[in-house]
Amino acid sequence: MTAQAVAREEVVRAPAWSPAWISQRLQKVLLHVVVIGLTAAWMVPAIALFTSSFRHFEDINSTGWWTALAPPFKFTVDNYAKVLSSGNLGHSIFNSFMISIPATVIPTTIAAFAAYAFAWMKFPGRNYLFLALVALLAVPLQLTFVPVLKTYVSVGLVPQNWGFVGVWLAHTGYGLPFAVYLLANFFRALPSDLFESAEIDGAGTLTVFFRIVLPLSVPAIASLVIFQFLWVWNDLLVALIYVGGTENVAPVTVTLANLSNSLGQGWHLLTAAAFLSMIIPLVVFISLQRYFVRGILAGSVKG
Amino acid sequence: MDLLIQDVPTLVFVVVAVPAVLAIYIVGTEYLVRLLPDKQRPRVRPWFWVGPALVFVTAFLVLPALGTVVTSFQDHDGNFIGLLNYQRQLGDFPTGGAWIAIRNNVYWLILYTLFVLFFGLILAVLFDRVRYESIVKSFIFMPMAISSVALAVIWGFMYSYQPADAPQTGTLNFIVVNVFHQAPKTWLSDPTVNNFALIAAAIWGITGFAMVILSAALKGIPGELLEAARVDGAGELTIFRRVIFPLMMPTVVVVGTTLVIFALKAFDVVYVMTAGNFQTDVLANRMYKLLYQSDNPGGASAVAIILLIAVVPVLIFNLRQFRAVEARR
C-alpha cells in the first residue's frame with residue numbers, strides 16, 4: 001500500500017505552479033466537487049425523511065420538510081417514542097437476527113461450494129446447468145409460496161415444531177441463484193496460474209478451496225453477505241408467509257407493518273420506524289466495508 | 001426478556017451448528033471421493049459440490065416453476081384449456097390484457113438497467129480515487145438498507161402534490177413551482193410521468209447494489225497494472241476505457257443481467273406506491289393481482305411464464321460471455 005502510494009506520488013508530482021501542476025490541482029478539485037455533489041444530491045430524499053421523522057404529524061402534512069430546517073425549530077421525538085414504546089420491538093429485533101444470520105450463512109456457504117465447481121471443475125452440462133440457475137432468478141417468488149407452504153405443512157415443517165427452520169430453508173432456496181452467479185463470476189476471474197502451481201505442489205481440492213480461493217475472494221463474499229443479509233432483514237413477504245404475524249416470532253418488518261396498521265394512519269410513524277430498522281443493516285455494511293480493499297490478489301501469483 | 005433467554009440455545013445452535021454441518025459435509029464427501037480410483041474422482045467430485053445448491057433450487061424454485069407451466073394451461077377448476085390463458089393476456093394489443101404491463105416493463109428494462117449501471121460504474125470509479133471513499137459509499141448505499149415500504153414513504157415526500165394555490169410540501173413540486181415557475185405535477189397519477197417517477201425511485205434504491213459489486217471488481221484489478229499504464233503516460237480516461245472497463249466486463253455483465261431480471265420482476269415499488277393504477281402496472285404486479293385478488297391462477301401463471309420467456313435472450317448473451325472468458329484462459 002505505502003509502496004504503491006509512493007510510486008503514485010512520483011508519477012504525479014510536477015513542479016509547483018507549472019501549467020501541468022495547475023491542471024492536476026484543478027482535476028483534483030473537480031473530482032471532489034463531483035463526488036461530494038453527487039453524494040449530496042443522492043442524500044436529499046433520505047434527509048427529507050430524517051427531518052420529517054422529528055416533526056409533528058400536522059406539520060408534516062401542511063408544510064414542506066425544508067421549512068423545519070429554519071427557525072423556529074419545532075422538533076419532537078414523539079414519533080420515535082411511540083414506535084419504541086409500543087411493545088415488542090426489542091424481541092422482534094432479536095427474531096430478525098435469528099432469521100437473518102442463518103438465512104445468510106447457509107446460502108453463502110452452499111453457494112461458495114457450487115460456485116467453485118461451476119468456475120473451476122469440468123463436468124458435463126456445466127454451462128447449461130449454470131444458465132438454468134441464472135434463469136431461476138426470474139421466477140416470481142409469489143408463485144412459489146403456495147406449493148412450498150403445502151409441502152411444509154404436509155411434512156410438519158411449521159413454526160410450532162421447527163421454529164425458524166422453514167424460513168431459513170426458503171431464503172436459502174430463493175437466495176442461491178444470485179449467490180452462485182455472483183461468486184462464480186468472481187472465482188472465474190482468479191488467475192489460472194494459481195491453480196496450476198497449487199496442483200504442482202500437490203494441494204488437494206479442499207486445500208485449494210479453503211486456502212487459496214476463499215481468502216482471495218473476500219471482497220466478493222463480503223458483498224454477497226451484505227446483500228443476502230439485507231434482503232432477509234428487509235423482507236416482509238416471505239416472513240409473513242412462513243413465519244406469520246404472531247408477536248413472539250415476528251421479525252422487525254412484520255412488527256412495524258402491524259404497528260402502522262393497528263395505529264391507523266400510522267404511516268407518519270413509519271418515518272421513525274424506517275430509520276430504526278435501517279440501523280442494523282447499515283452497521284453490517286459499514287463493518288464489512290473494510291474487506292473491500294485493493295491488492296488482495298497482488299503478489300499471489302509470484303514465486 | 002424471559003423469551004430472549006429461552007431463545008439463546010437456539011441462537012448458539014444456529015451460529016455454531018449450521019456452519020459446522022456444512023463444513024462436515026464438504027470434508028466428508030471429499031473423504032468419500034478419495035476412496036474412489038484416481039480416474040473417477042474428477043467425474044464424481046463436482047456433483048458433491050453443486051449438489052446442495054441443486055437440491056435447494058429444485059425444491060424451492062424449479063418444482064414450483066414447473067407447476068406454474070402446468071397451471072398456465074388450465075382454467076380455475078384444473079381443466080386443460082390450451083393457450084386460452086395466454087390468448088387472454090396477449091390478445092388485445094396494444095392496450096388490453098397484459099400489454100400495458102409489458103410496455104411498462106420495457107420502460108423499466110431500458111431506463112432502470114442503463115441508469116443503475118451508469119451510476120454504479122461512475123460512482124465506483126470516482127469514489128475509488130478519494131480518501132473518504134468508505135464514507136461516501138455508505139451514503140450511496142444507505143437506500144439499500146431501507147425496506148420497500150420505507151422507500152415508498154420517502155418518495156411520497158418527494159412526489160407529494162398540493163393544488164397550485166397551496167404551499168407545496170413535495171420536494172419536486174416545490175422546485176417545479178419556485179424554480180421553474182410551472183404548475184405542480186401529480187407525479188404518481190399523471191400517466192405521462194408516473195412510470196418514470198416510479199423508475200427513478202427504484203433506481204435510487206438499487207444503485208448502491210451495483211456500486212458495491214462493481215467496486216469489489218474494481219478492487220480486484222491489480223494496482224501495479226494501473227500504475228504501469230500511468231507510468232507509460234496514459235490519460236485517466238484512456239486507462240478507464242482500455243484497462244479498467246475490459247477487466248470489469250464480466251462483472252458488468254453479471255450486474256447488468258441481474259438488473260435486467262430485477263427490472264422484469266419489478267414489484268415492490270409499484271405495489272406500494274401506485275398498486276399498478278394510472279397505467280403503471282407491471283408484469284409481476286399483474287401476476288400478483290391475478291393470483292391473490294382475482295383468484296385466477298391460470299392467468300397469473302401465464303403472466304409468470306411470459307416473464308420467464310423474456311429472460312431467454314439475456315441467457316444467450318451470458319452463454320456467449322462465458323465462452324469468451326473460457327477461450328481466454
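Domain bounds in this report come from an automatic or database domain assignment. On that basis, chain A holds domain 1 (2–76) and domain 2 (83–291). This is a predicted model, in which local features need pLDDT of at least 70 and side-chain atom pairs count only at pLDDT 80 or more, while totals for chains, interfaces and linings use all residues. Residues are numbered from 1 along each chain as its sequence is written, and chains are lettered from A in the order in which they are written.

Chain A has 15 helices and 0 strands; helices (H or I, at least four residues) and strands (E, at least two) are DSSP runs, numbered from the N terminus. Of its 303 residues, 40% are buried, meaning that 20 or more other C-beta atoms, placed from the backbone, lie within 10 Å of a residue's own.

The C-alpha centres of domain 1 and domain 2 of chain A lie 33 Å apart. Their contact takes 6 residues from domain 1 of chain A and 5 residues from domain 2 of chain A, where contact requires C-beta atoms, placed from the backbone, within 7 Å. On the domain 1 side, H2(A) gives the largest share, 4 residues.

Between the chains, the contact takes 97 residues from chain A and 96 residues from chain B. Helix H5 (residues 89–120) of chain A supplies the largest share of the chain A side, 15 residues. The table divides that side by class; Ala, Val, Leu, Ile, Met, Phe, Trp, Tyr, Cys and Pro count as nonpolar, Asp, Glu, Lys and Arg as charged, and the others, Gly among them, as polar.

| Class, side of chain A that touches chain B | Count |
|---|---|
| Nonpolar | 69 residues |
| Polar | 25 residues |

Note on methods. Buried ≥ 20, exposed ≤ 12 C-beta atoms within 10 Å, placed from the backbone. Contact = placed C-beta atoms within 7 Å.
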